[in-house]
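Colleague: Could you walk me through how to read the strands and helices of this model? I would like the general idea each time, and then the case at hand.

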Amino acid sequence: MIATQSEFQVLIECGICCDYLTDVRETPCCHQLFCLTCIQSWLRTFAPNCPRCRSTTLTEQTLITNIAIQQFIENIQFNCPNKLQGCSAKIPRSDLIHHKQTCSYTPEKLKYQREQKLFELRLQLQQYSNAKARTRYKDNELYDLAKVFHEEHGYDEARQCLKMIKGMQNVFNITILSAQIEQDDGQYDKALELYTDVYLKAKTNPQRIELRLASGHIYL
Ligand SMILES: [Zn+2]
Ligand SMILES: [Zn+2]
Ligand SMILES: [Zn+2]
């Protein structure tokens, strides 16, 4: 017989809290596994019987320590709960709580990092908008800054950067970026207008294809 992943999951999950077992205890009546604290609070506050088979022979004293499963769980490498946010750490169960506290991909830390980054970018933008300094900066620097603001969802600042660009060399890319900014900021009519405009100006097929890809679900 081959155990599927969900069957395997059930084996190492507590029947009460549905989280991975901690301090594993086995019931002598039906050999079900629970965390010590979970089964204790069940017996003390909920019912003096087994949560699975209802046997009243089960007491705190008759619970069996299951060292094999406990060690097995402690040695499994878990994905960090912030994996989707970019943390690639594989963590043994025993380090999970510590890792959660120190992981640099928690929503709070990411939010803080983003705010810091936006703060620094805004300082940069201030320098760029300073009239005296403007001549020192090149259009491509403003374009790159607009791109970073866009990635960080600083749409107003991204628009500001693009407005300051004077040259006309990069109009195609600038208009695509403007359209993407409007699209991501929910301004679909403006985005569509910009996409249509640049589509008409597109001179080559690769440009047109790039445009189709950039515009995504907005219909040209
Ligand atoms: Zn539990
Ligand atoms: Zn039982
Ligand atoms: Zn992590």
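Modeller: Gladly! Two strands pair if DSSP finds at least two bridges between them. Helices (H or I, at least four residues) and strands (E, at least two) are DSSP runs, numbered from the N terminus. Before we use them, note that this is a predicted model, where local features need pLDDT of at least 70, side-chain atom pairs count only at pLDDT 80 or more, and totals for chains, interfaces and linings use all residues. Residues are numbered from 1 along each chain as its sequence is written, chains are lettered from A and ligands numbered from 1 in the order in which they are written, and side-chain values use heavy atoms, with hydrogens and water left out.

Colleague: In what order do the strands of the open sheet run?

Modeller: In general, strands of a sheet pair through backbone hydrogen bonds, either parallel or antiparallel. Here the 3 strands are ordered β2-β1-β3, and their pairing is antiparallel. β2 (33–35) and β3 (64–65) are the edge strands, each pairing on one side only. Strand β1 (residues 24–26) is joined to β3 over 2 bridges, and E26 stands opposite I64 in β3.

Colleague: Which helix packs on that sheet?

Modeller: Helix α2 (residues 36–46) does, touching β1 and β2 (contact means heavy atoms within 4.5 Å). The direction of α2 makes about 90° with that of β2.

Colleague: And how do I read a pair of helices?

Modeller: Two packed helices are described by the angle between their axes and the distance between the axes. Axes are lines fitted to C-alpha atoms, for helices over the stretch in contact, and angles run from 0 to 180 degrees between N-to-C directions. Angles under 35 degrees count as roughly parallel, over 145 as roughly antiparallel, 65 to 115 as roughly perpendicular and the rest as oblique. Take helix α7 (residues 139–151) and α9: their axes lie 11 Å apart at an angle of about 20°, which means that α7 is roughly parallel to α9.

Colleague: Which residues of α7 and α9 meet?

Modeller: Y143, A146, K147 and H150 in α7 meet a set in α9 that includes I174, L177 and D184.

Colleague: At what angle do α10 and α11 cross?

Modeller: Helix α10 (residues 188–201) and α11 cross at roughly 170°, and their axes come within 10 Å. The two are therefore roughly antiparallel to each other. On the α10 side, Y195, V198 and Y199 make the contact, while the α11 side includes R208 and L211.

Colleague: How does α9 cross α11?

Modeller: The axes of helix α9 (residues 171–184) and helix α11 (residues 205–215) cross at roughly 15° and come within 10 Å, so α9 is roughly parallel to α11. Their contact involves, among others, F172 and I176 of α9 with Q207 and E210 of α11.
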